[in-house]
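Look at the sequence and the structure first, then read on.

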Amino acid sequence: MSDTRSLREREKLIFEASSPGRVGYQLPTLDVPAADPAATIPAASLRGEIAELPEVSEVDVVRHFTRLSKWNYSVDEGLYPLGSCTMKYNPRINEEVVRLAGIAHLHPLQPVDLVQGALALMWELEQALIAVTGMARVTLQPAAGAHGELTGMLMIRKALQARGEHRKVVLIPDSAHGTNPATAVFAGFEVVEIASNEQGTLDLEPVRTHLDGGNVAALMATVPNTLGVFEPEIARLAGMLHEKGAFLYMDGANLNAFVGVAQPGKMGADALHINLHKTFSTPHGGGGPGAGPVAVSQALVPFLPVPTVEKSGDRFDLVHDHPATIGKVRGFYGNFGMLVRALAYIRSMGGAGLKAMTEGAVLNANYIRKSLEGIYNLKYTGPSLHEVVFDDSRQAEKGVHNIDIAKRLLDYGFHPPTMSFPLIVHGALMIEPTESEGIQELDAFIEAMKAIALEAEENPEMLHGAPYTTPVRRLDEVRAARQPVLRWQRPRE
Amino acid sequence: MHRYLAGADDNRRMLEKVGCSSVEELFASLPAEVRCGPLDLPPGRSEEEVRREFWALAGKNLTTECSVCFLGAGVYRHVQPAVADALLQRGEFFTAYTPYQPEVAQGTLQAIFEFQTYVCQLTELDVANASMYDGATAVVEAALLARRALPGRSRVAVAGSLHPDYNAVLRTYAEAQGIALTEVGWDAAGRLDAASLASALGPDVCAVIVQSPNVFGVVEDLASVGATAKAAGALAVQAVAEATSLGVLAPGGRFGFDVVCGELQAFGIPAAFGGPHLGFFAARQNHLRQMPGRLVGETVDAEGKRAFVLTLSTREQHIRRAKATSNICTNHGLMALAATMVLSLLGKKGVREVALASHSVAEYLKAGVRGPGSGVRLAFPEGPTYNEFLVLHDDPEGLLARMQKELILGGVATTRLGTDLPRGILIAATERNTREECDRLLDALRRLA
Amino acid sequence: MTQPADRMYSRTHEWALLAGDVVTVGITQFAQEQLGDVVFVELPAVGAAVAPGKAAGNIESVKAVSEVFSPVAGEVIEVNTALEGHPELINKEPFGEGWLMRVRVVAGAAAGLMDAAAYETFLAEEGH
């Protein structure tokens with residue numbers, strides 16, 4: 001039976017499926033004379049066929065990628081409770097409208113009178129995000145959340161420079177996502193970590209102490225924080241920062257916890273990135289593309305990246321003439337396709353629908369919290385918004401760690417929660433169900449988590465070997481890192 | 001209730017379990033001063049109404065598919081196989097996240113591994129990452145890598161013929177990172193000026209960044225640029241804005257370049273008004289630990305089966321935080337998947353044929369422009385080009401506007417790119433342009449220029 | 001856990017083995033256990049100056065990076081190149097083949113370090 005295959009059998013690499021003479025394309029007939037590159041381009045600058053590229057048919061390609069797709073878990077398949085990642089349903093209508101020819105097939109350098117619809121769409125999205133956040137303006141350019149963070153921090157840097165100040169310090173709570181410190185450094189700042197209090201939130205005092213030094217440019221805070229807990233002092237923190245000439249950068253990764261209920265503008269934020277692929281349903285795509293528009297307060301408007309989309313009467317324009325701008329942060333104008341999807345989502349939900357979205361997300365998280373409390377440890381017990389962070393300390397007594405729980409969840413048919421942060425919770429299990437789930441799916445997840453807790457009591461050894469039913473078993477990550485093999489190469493004969 | 005949300009009975013039962021009489025109670029931790037009233041947004045719409053609105057918006061744009069299009073300048077209209085978009089729309093691909101749980105993400109992981117392989121093959125370099133945001137940010141990451149690799153050197157010599165958007169983004173980042181930029185001019189053939197390069201180099205230069213084909217479409221002498229950079233102790237970086245050129249042009253990897261990076265949009269990604277596109281980044285083996293972005297590696301599972309996993313992640317922000325090689329978190333995974341499919345379909349024969357056909361169409365146009373009475377003239381008659389070239393004109397936007405009335409998108413005015421480039425029009429051709437389209441363009445130039 | 005008695009120990013879990021004015025440096029059994037499987041080691045260049053409290057290099061496991069400190073001040077005269085291809089030596093023989101570097105020191109460089117018994121007590125006090 002060695003030549004037969006089963007659905008658990010792995011798919012070869014496309015290069016290994018190559019067979020000489022196969023093609024998967026046909027170009028239009030070339031009706032101009034064929035030009036020999038060697039006639040005009042120096043021979044040393046030319047290459048021949050790339051020998052290692054595969055030769056496969058269209059059918060080969062369809063089968064290959066269809067099979068590969070079946071090895072993935074996805075939101076379309078079920079609950080995907082990765083905390084902080086907001087894996088909500090990605091509506092199909094968004095996919096339909098983004099593929100309209102008048103949207104997908106627009107060149108960014110067409111004359112602006114031929115793309116008035118595209119500019120109108122961007123302008124509409126900016127207005128919608130202003131309505132949601134209560135901020136002054138929004139740039140749609142950043143390609144992802146971390147890119148938005150950088151854009152926001154560069155604006156803060158520029159605003160300080162405009163005042164003739166060169167403050168170096170950015171305060172970041174110890175509960176922050178890793179992109180925050182990385183971004184602050186890339187924007188040319190130094191990071192000072194602020195310890196969270198016993199509730200996992202921020203106190204005024206440590207921030208005040210640092211502010212007294214006069215060298216603080218900004219505080220980067222996630223609201224609600226990575227525990228899913230609202231920062232109760234955020235407005236007062238903003239006031240303190242502003243009084244000392246510093247800025248509040250708000251990480252909007254968790255914006256979906258309060259859309260329609262509260263606004264960053266009212267919290268005193270100066271810059272806030274919005275992960276359209278979280279709050280506004282654009283697909284995660286197996287790791288991007290995302291989109292990370294940045295909303296800013298009036299104080300940062302002059303420093304927005306160029307170009308901005310401006311409306312005058314019924315006409316829209318791309319405007320580059322902003323003397324204090326930080327410049328450009330990427331090519332062209334943003335991940336337009338993601339902007340289209342986000343606007344389609346906002347239109348589908350409407351104002352009341354977005355609030356219902358928030359309420360659904362928070363209710364679902366609290367339902368899971370209530371159902372698993374006492375079974376998994378809850379280190380920080382402040383009120384949960386859209387996510388809840390348990391830890392493995394009860395199970396660890398039996399030698400079972402969050403990784404084991406996560407891998408076992410795969411056997412129960414669920415994607416595991418986030419485990420890599422917040423760093424203030426050892427053995428974290430950060431669960432974010434999103435509003436997309438009904439009670440049956442949540443109950444099934446809760447039952448799985450309970451069953452695993454029981455297994456941890458009765459048969460901890462078994463959990464170390466999980467998963468058992470997935471296309472591949474636990475991987476040798478040490479080998480991958482010790483002897484990196486990062487590309488296919490034709491085996492030597 | 002809403003079609004994307006759970007129902008009233010779900011909510012009632014959950015509230016009961018949570019012990020609240022209303023959802024409002026769950027927000028008690030939010031103080032009054034941060035609360036807002038109803039959002040100033042239109043009410044939720046049906047699918048039909050959403051469709052209607054977007055059809056109307058789309059109708060206010062002229063799509064490149066309903067015109068004669070010779071636009072390029074970093075975004076190209078090449079073959080877009082039906083297969084790629086159809087497969088991309090499988091929810092298993094586009095509704096999955098970054099493959100942090102490799103046991104249930106082998107599809108995404110294997111596809112990225114194949115993508116990394118393609119990028120290595122195209123660039124003749126050792127390692128490639130899982131993709132970047134776009135060409136401009138990829139070039140920035142190359143400059144940052146060079147600075148990390150050569151501590152103490154903080155100047156980058158950058159070709160003035162680099163795509164102006166790439167250049168602008170590099171300026172934005174360089175300012176914050178304390179990297180000084182020295183621009184290197186071009187010569188009469190539109191190539192990097194050797195004297196200008198020599199005078200830009202010095203012991204503080206960590207990288208030489210050259211684009212080939214450059215923004216004028218001119219193919220650079222990479223062997224010479226690479227050797228000059230190396231002699232000065234700097235890393236050599238090639239930016240690529242038109243990736244199909246790699247089907248006929250020898251890449252920087254062949255000439256000892258340290259990094260080849262840029263934009264792969266040309267391999268099947270729709271123009272989409274500028275994004276999402278597909279940045280790529282490849283480097284020599286000795287820069288592996290300094291690579292930005294995600295990497296997928298091969299390993300085995302507990303049963304010894306080949307499998308793929310994100311690896312070397314200690315370089316990244318979620319572990320190294322403030323000391324990470326880059327702050328990037330997501331890549332452009334779905335776009336990388338699209339390009340992987342298109343490269344698979346094209347394969348050994350097609351990658352070359354697309355390039356040869358594009359070059360042929362461009363040469364046909366160039367011959368027409370060289371002819372008597374063409375209305376315009378080549379900016380760099382001696383510069384070898386792949387599929388794009390610059391023609392000089394004093395009022396490029398006016399000329400394009402006149403052609404546009406005949407549904408001809410004749411090229412990109414260099415004045416649109418907002419820099420000190422010679423005034424004129426960049427004309428790009430691909431295998432999708434027919435002889436008839438070329439003749440219409442040449443005719444329009446003759447009459448309207 | 002027994003610590004070799006022929007060497008001195010730091011509070012950041014490095015060991016120092018003195019032979020004349022040359023000190024061999026490595027990490028302890030305890031430290032390698034905490035790290036887990038080592039996948040990559042970044043060591044200082046030969047000729048570099050090292051000093052206590054100043055990071056001299058990095059040791060990486062799959063999901064963590066730890067800085068290595070030299071317990072003594074001096075000049076690096078040799079690094080363990082075998083670790084390039086075989087970082088697992090640190091896990092297998094932290095006190096032997098998994099050594100990190102050799103440092104030329106001035107007299108009295110080992111002041112402030114603990115002997116094996118003191119390090120054992122230190123570990124116990126830290127709750128390990």
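Domain bounds here come from an automatic or database domain assignment. The model itself is predicted.

Chain B is split into domain 1 (64–80 + 348–448) and domain 2 (82–340). Taken over C-alpha atoms, the centres of domain 1 and domain 2 of chain B are 27 Å apart. Domain 1 of chain B puts 31 residues into the contact, and domain 2 of chain B puts in 29 residues.

Which elements supply the side of domain 1 of chain B that touches domain 2 of chain B? Helix 11 (333–370) and strand 12 (388–392) of chain B each bring at least two residues to that side. Helix 11 of chain B gives the most, with seven residues. By class, this side of domain 1 of chain B holds 16 nonpolar, 11 polar and four charged residues.

## Where chain A meets chain B

The contact between these chains involves 177 residues of chain A and 172 residues of chain B. On the side of chain A that touches chain B, helix 10 (residues 336–372) of chain A gives the most, with 24 residues. That side of chain A has 103 nonpolar, 47 polar and 27 charged residues.

## A helix pair in chain A

Now turn to helix 7 (residues 204–212) and helix 8 (residues 234–243) of chain A. Their axes lie 10 Å apart, and the helices pack at an angle of about 10°. Angles under 35 degrees count as roughly parallel, so helix 7 of chain A is roughly parallel to helix 8 of chain A.

Helix 7 of chain A brings Leu204(A), Val207(A), Arg208(A) and Leu211(A) to the contact. Helix 8 of chain A meets them with Arg236(A), Leu237(A), Met240(A) and Leu241(A). By class, the residues of this contact are six nonpolar, no polar and two charged.

## The fold of chain C

Chain C has four helices and nine strands. Their order from the N terminus is β-β-β-α-β-β-β-β-β-α-α-β-α. Along its principal axes, the C-alpha trace of chain C spans about 40 × 35 × 25 Å.

How does the radius of gyration of chain C fit a compact globule, and what is its value? A compact globule of 128 residues would have a radius of gyration near 14 Å, and the 13 Å of chain C agrees with this. Of the 128 residues of chain C, 40% count as buried. Among contacts in chain C with a separation of 6 or more, 62% join residues 24 or more positions apart.

Definitions and conventions
Residues are numbered from 1 along each chain as its sequence is written. Chains are lettered from A and ligands numbered from 1 in the order in which they are written. This is a predicted model: local features need pLDDT of at least 70, side-chain atom pairs count only at pLDDT 80 or more; totals for chains, interfaces and linings use all residues. Two residues are in contact if their C-beta atoms, placed from the backbone, lie within 7 Å. Ala, Val, Leu, Ile, Met, Phe, Trp, Tyr, Cys and Pro count as nonpolar, Asp, Glu, Lys and Arg as charged, and the others, Gly among them, as polar. The radius of gyration is taken over C-alpha atoms; the globule rule is 2.2 Å times the number of residues to the power 0.38. A residue is buried if 20 or more other C-beta atoms lie within 10 Å of its own, exposed if 12 or fewer, and partly exposed in between; C-beta atoms are placed from the backbone. Axes are lines fitted to C-alpha atoms, for helices over the stretch in contact, and angles run from 0 to 180 degrees between N-to-C directions. Angles under 35 degrees count as roughly parallel, over 145 as roughly antiparallel, 65 to 115 as roughly perpendicular and the rest as oblique.
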